[in-house]
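Here are my notes on this one, as promised. Have the model open while you read, and click along.

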Amino acid sequence: MSSVIRKISIGADYKNNAMHYSVGQEVYGNHIISHILFEEKDNSYNIHIKKSGEILPWKKFNSHMAISIEYDLEY
């Protein structure tokens, strides 16, 4: 079963020191986070951004880091 990731938080201290990334969030000079994907082949989470219709890989986090995931519950 495939699930859509809506938000990823990186860091052990979720409330105070974690970095939070959400689909639709503006980042990096007017880019928008278009989607967050889990890549099974290397157990990583990949954030892609979109600007002017072009989607680019932006950040990659391995699964050995402290990661919290929120899934999109609208279906």
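1. Strands here are DSSP runs of E with at least two residues, helices are runs of H or I with at least four, and the numbering starts at the N terminus. This is a predicted model, in which local features need pLDDT of at least 70 and side-chain atom pairs count only at pLDDT 80 or more, while totals for chains, interfaces and linings use all residues. Residues are numbered from 1 along each chain as its sequence is written, and side-chain values use heavy atoms, with hydrogens and water left out.

2. On to β1 as a whole. β1 pairs with β2 (residues 19-22) in the antiparallel sense, over 4 bridges; two strands pair if DSSP finds at least two bridges between them. β1 also pairs with β7 (residues 67-71), again antiparallel, this time over 5 bridges. β1 is mostly covered, with 5 of its 6 residues buried (buried is under 20% relative accessible area, exposed is over 50%, partly exposed is in between; 1.4 Å probe, protein chains only).

3. Which residues make up the largest nonpolar core? There are 11 of them: Ile5, Ile8, Ile10, Tyr21, Val27, Ile33, Ile36, Tyr45, Ile47, Ile49 and Phe61. At least two core residues come from each of β1 (5-10), β4 (31-39) and β5 (44-51). By nonpolar core I mean a set of buried Ala, Val, Leu, Ile, Met, Phe, Trp, Tyr and Cys residues joined through side-chain atoms within 4.5 Å.

4. Not counting residues up to four places away in sequence, Ile47 touches Ile8, Tyr21, Ile33, His35, Ile36, Leu56, Pro57, Trp58, Lys59 and Phe61. Contact is heavy atoms within 4.5 Å.

5. Glu39 lies in β4. Is Glu39 buried, exposed or partly exposed? Glu39 counts as partly exposed because its relative accessibility is 33%. Leaving aside neighbours within four places in sequence, Glu39 is in contact with Ser44 and Asn46. Its C-alpha atom is separated by 18 Å from that of Ser22, 17 residues apart along the chain.

6. Last, some backbone angles to check. Asn30 is not a glycine, yet has a positive phi of about 70 degrees; you'll find Asn30 in the loop between β3 (26-27) and β4. Ser52, also not a glycine, has a positive phi of about 55 degrees. Ser52 sits in the loop between β5 and β6 (54-62), and counts as exposed because its relative accessibility is 77%.
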